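Reader: I would like to go through this model with you, starting at the metal site. Please set out the terms as you go.

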Amino acid sequence: MSIKIYLQRLQKLIPHTWLEQIQDIHSSLLFRWIVRKGSQPIAFTQKSAMVFSPHQDDETFGCGGMIALKREHNIPVIVAFLTDGQGAGTSEVNTPDKIIQIRKQEAVKALEILGVKSSEIHFLEKPDGTLPYLDEREREQTIIQVAALLKQYQPEEVYVPHRKDCHRDHEATYQLVKAAIAQAGITVDLLQYPIWLFWRAPLFILLKLQDIAAAYYLSIASVQDKKTQAISSYCSQIESLPRGFIQRFSSSHEIFFKSDS
Ligand SMILES: [Zn+2]
């Protein structure tokens, strides 16, 4: 049995509340270490951006500060959501269609706070949780849709979840967007944002150094309030997220990993 599988099995034996506490400590230590020692500052650029988000909230958690900073300088930012967000831990009283509507409204509200108009938001509405399991035809269709958006807006920077973000939809988003960039034949700066990476990666020792190499931090202190407000728009999500998870994203820094597009 590999150490990774062993640790994953071990995690299942730990009481849920303990596990969340361990993950909280692990996540904040790793985040602080990366900001202080394992990364370099990234210069704020005037480059237009396109953010690909698997679910309605990842864009705000991962890139909310960057989005607000760019929009304050009137730099174009387009946001595209790949899934409909239906699988989120929302109330049982809502039907799946209602959950989809709620999450859309929350996304529009959060992004309005960050300075993105509803006309600059795209919902691709793939069923939540299915991105890694799309059949060949659906996968190709999704890549064509993403490539069409890239060709339409010609962003200079593209933001995607980290390629090893410890969540299947997130890792699949990275792969789909990467394939779409190749299909669109455009050159962009590709930046990966971590959402679950620090939280779920089973302990430091299993994070390979190359997974957290090329890390950059962006100071978002001047727009921190906007980001906090935008996060609070996601009312349907807040209660279902692990303890300490939201605090991790209330920092005055955002971390990005550069990779070749
Ligand atoms: Zn997500």
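Author: Donors are N, O and S atoms within 2.8 Å of the metal (3.2 Å for Na, K and Ca); water is not among the atoms, so sites may look incomplete. This is a predicted model, where local features need pLDDT of at least 70, side-chain atom pairs count only at pLDDT 80 or more, and totals for chains, interfaces and linings use all residues. Residues are numbered from 1 along each chain as its sequence is written, and side-chain values use heavy atoms, without hydrogens and water.

Reader: How are the donor residues of the zinc ion spaced in sequence?

Author: The protein donors are His55 (ND1), Asp58 (OD), Asp58 (OD) and His170 (NE2). They lie 2.1 to 2.6 Å from the zinc ion. The spacing of the donor residues is H-x2-D-x111-H.

Reader: What is the arrangement of the four donor atoms around the zinc ion?

Author: Four donors count as tetrahedral if all angles lie between 85 and 135 degrees; four count as square planar and six as octahedral if opposite donors are over 155 degrees apart and all others between 65 and 115; anything else is irregular. Here the angles are 53 to 144 degrees, so the arrangement is irregular.

Reader: Are histidine 55 and aspartate 58 buried or exposed?

Author: Buried means under 20% relative accessible area, exposed over 50%, partly exposed in between (1.4 Å probe, protein chains only). By that rule, histidine 55 and aspartate 58 are both buried.

Reader: Which residues does isoleucine 67 contact, leaving aside neighbours within four places in sequence?

Author: Contact means heavy atoms within 4.5 Å. With those neighbours left aside, the partners of isoleucine 67 are Val51, Glu59, Val77, Val79, Leu111, Leu114 and Val116.
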